[in-house]
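Hello,

Here is the structure I promised to pass on to you. Have a look at it first, and then read on for what I found.

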Amino acid sequence: MTSPLSSPKPQYPQAPRGLQSPQPPNGSRSRMVLLLAGLIVVVVVAAVVFAALLYTRGSRTASGPATTSGAPGPTPTVEPTSAASVTDPTTLTAMHAEVTRDPNDPRAKGDVNAPVVMVIYSDFACPFCTKFAQEVEPRLDDLIENGTLRIEWRDLAQVTQTSPLAAQAGIAAGKQGKFWEFHDAVYGAADPQGHPEYTEDSLVDFAEKAGVPDLERFRADMTDAATVKAVTDANQHAYSLGIKGTPFSFVNDAYIGGYRSADYVRATVLEQAALAK
């Protein structure tokens with residue numbers, strides 16, 4: 001069999017019997033040799049090019065598919081704009097049990113019959129609680145004023161060693177009807193990047209700024225054993241619900257764990273208000 005890369009010798013027709021076969025002239029033979037040599041060169045070059053193409057394709061496959069201009073990239077993650085409602089009946093029962101709607105609760109604000117109640121667990125030494133108080137709560141004031149939202153405060157005092165003392169001070173201020181004024185004074189002075197430490201004297205100063213009328217009573221209530229126990233019990237209760245960080249809030253059938261923007265919190269409140277109708 002003839003190799004595909006070689007060329008057979010040219011065959012010439014035989015002369016009739018009795019006559020000598022003519023031989024190709026020398027010039028024709030030279031041109032034929034050159035033609036064969038050129039053909040071999042072309043075949044060799046083609047083989048080299050083909051091998052190179054195979055190598056390039058194999059390298060591209062090994063390193064991953066080539067990027068095509070205009071090809072779609074990964075689908076971006078869409079962040080939710082509000083907290084979704086919980087559907088588990090057991091969880092909902094536990095969440096709803098946290099709402100008291102007590103008209104005499106000194107650490108609650110807003111209409112007792114508001115369609116939405118936010119139960120918020122917070123710490124006066126928590127930087128994200130400070131951020132929430134400074135940036136989010138002011139954006140909720142109109143919803144409190146128009147009767148849409150009620151906020152009920154709960155202590156989860158754990159960030160620093162003096163967090164419980166600050167929580168005790170909040171209870172003491174509430175006993176004189178000045179909890180929210182005290183809340184505003186403490187958070188207004190806090191650095192949202194820091195973890196403030198408190199002393200009895202510094203908390204008395206905040207109480208004075210908040211307009212607490214009887215500072216001696218405030219100091220006594222702040223350090224009273226019953227107040228200390230109330231804060232300890234509040235922490236344990238939050239832990240029993242699985243709440244370990246602040247700020248954390250229940251908003252009707254939804255909950256918000258950690259700090260979220262004012263737009264996110266407002267949207268959650270408004271959605272829950274619509275569902276409550």
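This is a predicted model: local features need pLDDT of at least 70, side-chain atom pairs count only at pLDDT 80 or more; totals for chains, interfaces and linings use all residues.

Two strands count as paired here if DSSP finds at least two bridges between them. In strand 5, Gly257 is the bridge partner of Phe248. Strand 4 and strand 5 run antiparallel and are joined by four bridges. Together strand 4 and strand 5 make a hairpin, with two residues between them. Asn252 sits in that turn and has a positive phi of about 55°.

Ile120 has Trp153 in strand 3 as its bridge partner. Strand 2 is also joined to strand 4 by four bridges, and these two run antiparallel. There, Met118 stands opposite Val251 in strand 4.

Strand 4 (residues 248–251) is covered on both faces. Phe248 and Phe250 lie on one side, Ser249 and Val251 on the other, and all of them are buried.

**The nonpolar cores**

Some of these residues turn up again in the cores. The largest nonpolar core has 45 residues. Met118, Phe124, Leu149, Phe182, Leu203 and Phe218 are the ones with the most contacts inside this core. Helix 6 (residues 179–189) gives the core its largest share, six residues. Another core, of 11 residues, lies apart from it; among its members are Met95, Val119, Ile243 and Phe250.

Leaving out residues up to four places away in sequence, Phe124 touches Trp153, Ala166, Ala167, Gly170, Phe179, Phe182, His183, Val186, Tyr187, Pro196 and Tyr198. Trp153 in that list is also the bridge partner of Ile120.

**Two helix pairs**

Two packed helices are described by the angle between their axes and the distance between the axes.

Take helix 3 (residues 127–136) and helix 6 to begin with. Their axes come within 9 Å and cross at roughly 115°. That makes helix 3 roughly perpendicular to helix 6, and their crossing is left-handed. Where they meet, Cys129, Thr130, Ala133 and Gln134 come from helix 3, while His183, Tyr187 and Gly188 come from helix 6.

The other pair is helix 5 (residues 163–174) and helix 9. Here too the axes come within 9 Å and cross at roughly 115°, but this crossing is right-handed. Helix 5 brings Pro164, Ala167, Gln168 and Ile171 to meet Thr227, Val228, Ala230 and Val231 in helix 9.

**A closer look at Thr227**

Thr227 is found in helix 9 (residues 225–240). Is Thr227 buried or exposed? With a relative accessible area of 2%, Thr227 is buried, because buried means under 20%. Not counting residues up to four places away in sequence, Thr227 touches Gln168, Ile171, Lys175, Asp221 and Met222.

Key: Residues are numbered from 1 along each chain as its sequence is written. Side-chain values use heavy atoms; hydrogens and water are left out. A nonpolar core is a set of buried Ala, Val, Leu, Ile, Met, Phe, Trp, Tyr and Cys residues joined through side-chain atoms within 4.5 Å. Buried means under 20% relative accessible area, exposed over 50%, partly exposed in between (1.4 Å probe, protein chains only). Contact means heavy atoms within 4.5 Å. Axes are lines fitted to C-alpha atoms, for helices over the stretch in contact, and angles run from 0 to 180 degrees between N-to-C directions. Angles under 35 degrees count as roughly parallel, over 145 as roughly antiparallel, 65 to 115 as roughly perpendicular and the rest as oblique. A crossing is left-handed if the near helix is turned anticlockwise from the far one by less than a right angle, and right-handed if clockwise.
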